[in-house]
Amino acid sequence: MHLKRVISAVLFLPLFYLLVRYAPPSAFFIVVLLAVLLGQMEFYRLYYPAGKRGLILFGLLCGGLILLHFFESGWLLDREVL
């Protein structure tokens, strides 16, 4: 199982570098949004029982809208790295 993680990281890191270096900010935002939503979905599947589908969809919608707000307001792009 650990070998699969290492192989995935070796394949993903160059693609991630190219995304950060050469892609427009909107492409990076989409990748971050997908990662956040997948993480949220993983958490909701562990925490909520199967019958709470409406709550899960509402939580995913709220999470996506919060990230969209930060992206559209420029808050994510205007911060300086300390």
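**Figure 1. Q40 is a buried residue of this predicted model.** With a relative accessibility of 16%, Q40 falls under the 20% limit and therefore counts as buried. Q40 belongs to helix 2, which comprises residues 25–47. When neighbours within four places in sequence are set aside, the contacts of Q40 are G59, L60 and G63.

**Figure 2. Helix 1 contains a kink at F12.** The kink amounts to about 25 degrees and is located shortly before the proline P14. Helix 1 covers residues 2–22, 21 residues in number, and at 1.5 Å a residue should span 30 Å. The C-alpha atoms at the ends of helix 1 are 30 Å apart, which agrees with that expectation.

**Figure 3. F29 and F71 form a stacked aromatic pair.** The structure holds 7 aromatic pairs, one of which joins F29 and F71. Their ring centres are separated by 4.4 Å, with an angle of 15 degrees between the planes. An angle under 30 degrees counts as stacked, so the pair is assigned to that class. Because F29 lies in helix 2 and F71 in helix 3 (residues 53–73), the pair ties together parts that are 42 residues apart in sequence. Both F29 and F71 are buried.

**Figure 4. Y44 and Y48 form a tilted aromatic pair.** The ring centres of Y44 and Y48 are 5.7 Å apart and the planes meet at 45 degrees, so the pair is classed as tilted. Y44 has a relative accessible area of 13% and is therefore buried. Y48, by contrast, is partly exposed, with a relative accessible area of 27%. Y44 and Y48 also belong to a cluster, linked by ring pairs, that includes F43 and Y47. In an α-helix there are 3.6 residues a turn, so residues three or four places apart point the same way.

**Figure 5. The protein chain contains 4 helices and 0 strands.** Along the sequence, the elements follow the pattern α-α-α-α. Of the 82 residues in the protein chain, 16% are buried; Q40, Y44, F29 and F71 are among the buried residues. The protein chain exposes about 7,200 Å², of which carbon and sulfur atoms supply 72%.

How values were computed. Residues numbered from 1 in each chain as written. Predicted model: local features only at pLDDT ≥ 70, side-chain atom pairs only at ≥ 80, totals over all residues. Heavy atoms only, no water. Helix = DSSP H or I, 4+ residues; strand = E, 2+ residues; numbered from the N terminus. Buried < 20%, exposed > 50% of the residue type's maximum accessible area, 1.4 Å probe, protein only. Contact = heavy atoms within 4.5 Å. Expected span 1.5 Å × (residues − 1). Bend = angle between axes of the 7 residues up to and from the residue. Phe/Tyr/Trp six-rings, centres within 6.5 Å; stacked < 30°, edge-to-face > 60°. Areas by Shrake-Rupley, 256 points an atom, 1.4 Å probe, with all protein chains shown as cover.
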